[in-house]
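Hello,

Here is the structure I promised to pass on. Please have a look at it first, and then read my notes below.

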Amino acid sequence: MVLFKISGRRSVGELTSFDFVLLMVIGEATQQALLGDDFSVTNAILVIVTLMVIDIGFSLVKRRSKRLAKLIDGGPTIIVENGAFLRHRMHEARVQEDDILQAARIEQGFERVDQIKYAILERNGKISIIPA
Amino acid sequence: MSLLEQEMLDRKHPIAEDISLQRKVWKFQRAGWYVLVAVVILTLLGLFSRGPLSTLQTVSGLGDLTVEYERFYRGGGANPMVVQATGQPGKEITLLISKPMLDGFSIESIQPQPVSSMGSPQGLSLTFPPDKSGQVTLFISWRSNGIGLFKSQISIVGGGYIPVTQFIYP
C-alpha cells in the first residue's frame, strides 16, 4: 500500500507496458514472500482471508471517516482551469500537457486546451474533462 | 500573491478540493522516492547481504585463522564461508564452531569433509588433516534459518579465535 502511494496514482490509472511487467513481478515476489515454502491449502486460504479482511477493513474505515478515506484514496485535483494549465499542480502530480490533451481528445474530441473548462485528475489516476 | 500560492488555493467548484492534504501526499511521494533510491543504493552496497558493507575477511590475533563471511544474511538464503587455518605440518587441526552460529544457520555443504566431527554444548568440533605446509582451507555453505543477531566465534582448538557477528534479515 505504502509503496503504491509513493509511486503515485498514475501507476494504477494508466498501465504502461513496463508497469504491467512490474505489477506481475511484484505479484510473483509477494506471493513467494507470503507463501514461503509452505504450499499447504490451509496456508493459501489463510493468506487470502487475511488480505480480504484487510481490504474489507479499509473500506469500513473509509466509510466511517472522510479524512481517512482521503488519506487512503486521495482526492481529485483540478489541473486545467478555464482553458489554462495549472503547471505547478501538473508538475507535482507528474501529469504532462500531452496527457491532458489526449484525455480531451478521447473523451470530448477537443483539439485545444481553451476548449476545456476544467480538467480533473481523478482519484484513480484518470483525467476527466469538463467542456467550456 | 504569487502564482504558485494562487494555484495552490482550494477550489470549491466543480469539486471540493483539499489541496493542502494533496500537497502533503505529493511531499510524501517525493520523500518516498528518495527512500526507495536509498534502499537500492544500500542494497548495492551490501546492507542486505553481499556487498562491500557486508562481506568481510577477518584474521585472528595470532594470525593462524582467517575467515571470510558476510555480516548480513537474508532468512532462507545460502551463503558461502571460507575458513583458512594454519597449524603445524603433519598435525591435525581441530576447528570449533560455537553454538550460536549453529542456532542461526545450518550447514548445507562442507568441503573438504572433516575426518571427525563432534558435537558438544559449546558447538561443533571439526578435525581436518593439514596439507604439506600445515594449512587447512575449508569451504562451508550456510543456510540461514534464524532471524536476528547471532554472536558466535570460530576458533582453532589450542590456537586463535575469531569472533563472528552475523545478522539475519527475516
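**What I found**

In chain A, 48% of the contacts with a separation of 6 or more are between residues 24 or more positions apart. Please keep in mind that this is a predicted model.

Let me stay with chain A for a moment. Seven helices and four strands make up its secondary structure elements, and their order along the sequence is α-α-α-α-α-β-β-α-α-β-β.

How does the radius of gyration of chain A sit against that of a compact globule of 132 residues? The chain has 19 Å, whereas the globule would have a value near 14 Å. The C-alpha trace of chain A spans about 60 × 35 × 25 Å along its principal axes. As for burial, 16% of the 132 residues in chain A are buried.

Now to the place where chain A and chain B touch. Chain A puts 15 residues into the contact and chain B puts in 16. On the chain B side, two elements give two or more residues each: helix H1 (3-7) and helix H2 (19-45) of chain B. Which of them gives the largest share of that side? That is H2(B), with eight residues. By residue class, the side of chain B that touches chain A has nine nonpolar residues, three polar ones and four charged ones.

That is what I have for now. Enjoy looking through it!

Best wishes

Conventions. Residues numbered from 1 in each chain as written. Chains lettered and ligands numbered in written order. Predicted model: local features only at pLDDT ≥ 70, side-chain atom pairs only at ≥ 80, totals over all residues. Rg over C-alpha atoms; globule rule 2.2 N^0.38 Å. Buried ≥ 20, exposed ≤ 12 C-beta atoms within 10 Å, placed from the backbone. Contact = placed C-beta atoms within 7 Å. Nonpolar A, V, L, I, M, F, W, Y, C, P; charged D, E, K, R; others polar.
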